[in-house]
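Please read them with the coordinates open.

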Amino acid sequence: MSRAAPSHPVELARPAAPVRRVLRLGTLSAVVAALSGLLLLGVSGWFLTGAAIAGASGLLAVQAFNYLIPSAAIRLLAILRTVSRYGERMLSHKAALTAMADLRSRLFRLLAAQDTRHAPDVSAGEASARLIGDIESLEDLIVRQPTRPGSLAAALAGVALAALSGWFPALLLAGLLVVFPFAVTALSRRLTAAPARDAAEALGELRARYVDMAQARAEIAAYGLVETVLDELAEPIARLDAARQALFRAEAGVAAFQLLYGALAAIAVLATASGGPALAALGLLAATAAIEALAAISRTALRQARVEEGLRRLESLLDLAEQPLPAAPSEPPLAAPLRLGAHDVAPGSHIALLGTSGSGKTLALEALAGLRASKAPIWVDDAPLAECAEETFRGQFALSPQDAPLLAGSIADNLRLARPGITEDAMHAALAVTCLDERIARLPAGLHTMLGEDGAPLSGGERKRLSLARALLAERPWLLLDEPTEGLDGATERELVRRLGDWLKSTGTGLVLVSHRPHPLSLAQHSLPIDALTRA
Amino acid sequence: MKPKRAGQFWALDILGAALFSWGISGGVEALVAGTALSAWLACLAGGALLRASSVLLVHHFAMPGAQIGANLWRRAAMSRLLGGRLPAPVSAGTSAALAIDHVQAIEEHGARFQPARVSAVVGPLLAIGLIALASWFSALILLATLLPFVVGMIFAGTAARRASERQLDALAALSGLFVDRVRHLPLIRHFGAQARIARQVEDATHGVATRTVAVLRAAFLSSAVLEFFAAIAVALVAIYCGFALLGLLPFPPPEPLTLGRAFFALAMAPEVYLPMRRLAAAYHEKQMGEAAESALADFAPGQDEAEEASSTTSAAPSPFDGLVVDGLILTWPPVCIGPVDLRLPRTGIVALSGPSGSGKTSTLAAIAGQIEVPSGRITTFAGHPLDPADVAWAAQRPLLLPGTLRRNLALAAPEACDAAVLVAARRVGLGPLLEKRGGLDLVVDHKGSGLSGGERRRIGLARALLSGRPLLLCDEPTADLDAASAAQIVAVLQELARERALLVATHDETVRAIAQQEIAL
């Protein structure tokens with residue numbers, strides 16, 4: 001019942017109207033389930049005791065005892081409990097899953113609308129995996145929402161039934177029920193806070209160290225260092241194991257507390273009941289059932305630490321401004337003149353950036369593509385890079401990066417990324433320029449071939465050319481190419497350079513090129529040492 | 001203690017429940033008779049204490065037991081993933097998922113499912129036996145409802161499993177899409193495709209939700225079956241007992257029933273089903289644990305020792321007199337690398353070039369004997385198989401372990417004396433670092449804080465030198481270095497090539513310029 005959670009992300013996790021409707025139905029089911037479970041036990045006890053007393057008092061009493069209503073009620077309650085419990089689970093999970101899908105879409109839109117130059121970096125595997133994990137922990141919050149009203153209803157009904165056996169037992173039970181959530185939350189916080197933190201830290205450290213080692217696998221295998229590195233990992237593993245043991249035992253501690261608390265309630269009601277044996281039996285069983293119905297609260301309390309952790313991390317994303325996603329411009333913008341250092345580069349001209357590896361050529365291209373903030377002395381349309389709007393980069397430049405990143409999906413999906421409304425004919429034409437058309441025609445599924453992780457089944461050089469074709473399809477005034485022909489044999493390279501040259505000429509597209517190979521450099525009319533851009 | 005044995009403590013839970021039920025029935029009888037309650041209240045307290053200690057004991061012993069099992073898996077998986085020969089390269093992320101996340105799923109399976117399984121078999125029968133002591137007819141009713149219940153569970157469980165298996169692949173692909181698109185956000189923004197991809201992501205995430213709901217429906221249905229039978233059983237016992245007490249049974253009473261006995265039977269009836277509900281609650285852990293075990297099947301504990309034993313007997317080592325690679329082809333669908341042919345004499349440099357992702361590192365790993373070779377031969381000039389102990393590896397991002405610089409330099413030759421370590425370190429250009437930062441006692445952490453990329457690279461080279469192995473494989477020795485450091489490294493490589501064989505994977509033209517031969521991938 002902690003209200004300590006930060007307010008923003010709860011807002012973020014607040015489900016949309018249709019989901020809230022499902023949640024309300026789920027809550028109703030939860031209440032029905034909790035009540036029917038409680039009544040089932042209470043009525044059974046009352047019926048049994050009443051029957052025994054009537055049976056013992058002779059025939060007249062037996063005939064006066066109305067057994068039809070309680071026995072029918074017992075059967076009805078049994079069915080009602082089953083159906084409503086199923087409804088509760090189904091509806092609360094459906095609501096939670098739909099809400100999380102909405103949240104993921106919303107977060108994606110939020111992140112997609114950011115400017116890459118200043119956006120939080122979630123491209124690394126760890127960061128994106130954590131984003132998923134954090135959203136999943138929020139799922140818990142929604143699944144458990146209907147259980148609270150259910151528990152509350154059961155507690156109230158328990159007190160009402162106990163009141164039939166006397167006002168004093170009812171008062172005692174009410175007191176115990178009010179204290180329970182606070183007691184169980186405090187206890188689980190006490191038992192889980194430290195081990196939950198230790199487990200998260202140890203797991204984080206183990207993962208980080210292990211990933212380091214997995215990246216150094218070649219050395220470990222070559223020099224037979226497995227035992228040495230496993231010794232290094234022994235310490236975080238031992239800490240993780242100890243923390244997980246403590247957490248697992250904490251669960252048992254909370255469960256044991258709840259069992260004892262339930263017994264205390266039963267004892268209190270039984271010892272103070274004054275309304276006759278039948279109603280005392282009813283009150284006694286109702287008290288046990290009411291405490292049991294509050295179990296949902298202790299389960300929530302046990303998971304609270306994890307949920308709060310997730311909320312806190314998502315909070316940082318929420319500070320991002322929500323803005324509409326940019327629509328594709330209807331008219332392609334006019335080509336802008338560039339100024340690189342002291343060099344003016346007119347629209348449509350072809351220029352190569354020269355320098356040794358590691359001298360910053362790739363960084364300069366990425367700055368032009370709007371992928372990173374840069375203080376380099378570069379002007380687009382007489383505006384320094386830092387002052388250029390995102391739309392400028394998107395309107396002017398199409399990049400084929402050095403590592404040729406490809407989306408998981410089909411070849412066509414990757415080409416379609418370039419701009420809306422690309423036809424298959426246009427794709428084939430672009431692939432022909434990059435000498436990839438024949439290779440793709442040979443694939444059984446052609447353009448619809450699904451690419452695996454790392455672009456398989458395409459080789460490194462083929463991925464490069466697919467990325468190049470995508471940049472061509474964007475039809476922007478400037479093409480930014482980073483080592484476009486790396487990994488190609490001489491003949492293909494010459495052919496690609498020839499076709500690319502023709503394409504540039506026929507479309508009047510400008511080119512900024514980075515390459516250390518002589519053939520592609522022949523495309524450039526001017527060259528510029530990279531020092532002119534990095535020295536500033 | 002094995003997790004299964006820990007599950008036996010759940011029997012204590014049934015005994016506690018019986019004591020508690022006895023307290024309830026005795027208490028109600030005492031109210032009817034107007035006698036003292038205190039002994040029955042003590043039974044209630046005692047029963048609850050027994051139940052509480054049972055849950056504490058199960059949890060106390062189950063987790064350490066499960067961790068012993070999980071640690072065997074972890075050790076086997078880590079040994080193989082970090083140091084064994086693999087059928088195909090494994091990315092660091094996948095490697096961590098296997099060695100850490102999957103092992104955790106196995107641990108959960110051991111700690112939660114195994115004890116629950118033991119109690120699900122023994123628990124119901126024990127509870128029914130105890131009920132039979134009070135009312136054998138009630139016990140019979142419960143036993144009779146238990147049978148259709150078990151059959152129903154098996155059917156519902158099988159249906160649920162089939163449904164979830166069908167959905168798992170689709171689910172993985174769809175959730176993968178979200179991660180993939182989040183990772184490629186810079187690219188998506190660059191092409192102005194945010195709105196289009198956002199719609200795609202929206203469809204995919206809602207698809208995941210709809211499919212998951214379908215999986216859950218099957219699972220919840222099976223637990224609804226469980227609860228329905230439990231509720232019906234309790235209702236039947238209550239009605240039988242009530243009518244028996246009233247003397248209104250439509251058949252001759254099978255047993256003399258008192259209120260106390262009837263109440264005991266009623267209070268114990270839900271306990272018959274509790275162990276199975278516990279088992280159903282651990283069903284998720286069971287599924288995840290079994291999936292993890294099948295993913296880790298190749299790394300089963302005990303398997304790598306057997307493999308090592310077989311590989312050491314394969315060939316007697318012969319002196320290294322040059323490297324011959326003949327028609328080497330690496331395939332793990334859909335990747336295909338090669339064929340690679342090369343001859344590298346006892347001294348000199350051969351460069352292996354090609355863009356990133358073209359398989360340079362994998363080729364080196366295959367030569368070092370770290371990846372299985374489906375086709376082609378890797379031998380010495382004399383035609384003997386290459387001994388992996390002749391191969392040194394200078395990594396792009398060398399391994400650093402916490403400790404001194406001395407420890408890190410001498411990882412591959414722990415017995416080397418300080419003088420030898422210093423000579424190797426100076427040879428690769430670590431002299432300035434040694435002078436500035438306190439010599440070999442410089443403290444290094446596993447992140448290499450305070451060391452530049454170039455210095456790390458040199459530590460890897462010095463380590464390879466110290467190992468004294470005649471064949472040196474270098475992975476991208478100059479990548480991401482500034483021009484001056486790169487030039488120094490190239491000079492070191494050139495010098496080393498006068499006394500040993502260097503195979504260098506690189507796409508740097510300055511390195512390729514000093515090679516006697518270049519193999520393009």
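1. B:Phe220 counts as buried, because it has 20 C-beta neighbours inside 10 Å and 20 is already enough for that class. The residue belongs to helix 7 (residues 194-246) of chain B. Leaving aside residues up to four places away in sequence, B:Phe220 touches A:Tyr86, A:Arg89 and A:Met90. Please bear in mind here and below that this is a predicted model.

2. Next, the overall form of chain B. Its radius of gyration is 34 Å, whereas a compact globule of 521 residues would have one near 24 Å. Along the principal axes, the C-alpha atoms of chain B fill a box of roughly 105 × 55 × 45 Å. One pair of residues gives a sense of the distances: the C-alpha atoms of B:Phe220 and B:Gly348 are separated by 68 Å, with the two residues 128 apart along the chain.

3. How is chain B divided by the domain assignment? That assignment gives domain 1 (3-304) and domain 2 (323-520). The C-alpha centres of domain 1 and domain 2 of chain B lie 53 Å apart. Their contact takes 5 residues from domain 1 of chain B and 7 residues from domain 2 of chain B. On the domain 1 side, these residues divide into 4 nonpolar, no polar and 1 charged.

4. Chain B has 17 helices and 10 strands. Of its 521 residues, 50% count as buried. Among contacts in chain B between residues at least 6 apart in sequence, 81% join residues at least 24 apart.

5. Strand 8 (residues 471-475) of chain B deserves a separate look. It is largely enclosed by the rest of the structure, because 5 of its 5 residues are buried. B:Leu471, B:Leu473 and B:Asp475 point one way from the strand, while B:Leu472 and B:Cys474 point the other way.

6. Strand 8 of chain B pairs in the parallel sense with strand 5 (residues 391-394) of chain B over 4 bridges, and B:Trp393 stands opposite B:Leu473. Strand 8 of chain B also runs parallel to strand 9 (residues 501-505) of chain B, to which 5 bridges join it; here B:Leu473 stands opposite B:Leu503. Together with helix 16 (residues 483-496) of chain B, strand 8 and strand 9 of chain B make a right-handed β-α-β unit.

7. Chain A contains an open sheet of 4 strands in the order 2-1-4-5, with antiparallel pairing. Strand 2 (343-345) and strand 5 (383-384) of chain A are at the edges with a single partner strand each, so one side of each has no neighbour in the sheet. Strand 1 (residues 338-340) of chain A runs antiparallel to strand 2 of chain A and is joined to it by 3 bridges. Within that pair, A:Leu338 has A:Val345 of strand 2 of chain A as its bridge partner.

Methods: Residues are numbered from 1 along each chain as its sequence is written. Chains are lettered from A and ligands numbered from 1 in the order in which they are written. This is a predicted model: local features need pLDDT of at least 70, side-chain atom pairs count only at pLDDT 80 or more; totals for chains, interfaces and linings use all residues. Domain bounds come from an automatic or database domain assignment. Two residues are in contact if their C-beta atoms, placed from the backbone, lie within 7 Å. Ala, Val, Leu, Ile, Met, Phe, Trp, Tyr, Cys and Pro count as nonpolar, Asp, Glu, Lys and Arg as charged, and the others, Gly among them, as polar. Helices (H or I, at least four residues) and strands (E, at least two) are DSSP runs, numbered from the N terminus. The radius of gyration is taken over C-alpha atoms; the globule rule is 2.2 Å times the number of residues to the power 0.38. A residue is buried if 20 or more other C-beta atoms lie within 10 Å of its own, exposed if 12 or fewer, and partly exposed in between; C-beta atoms are placed from the backbone. Two strands pair if DSSP finds at least two bridges between them. A crossover is right-handed if, with the strands pointing away from the viewer, the path from the first strand over the helix to the second runs clockwise.
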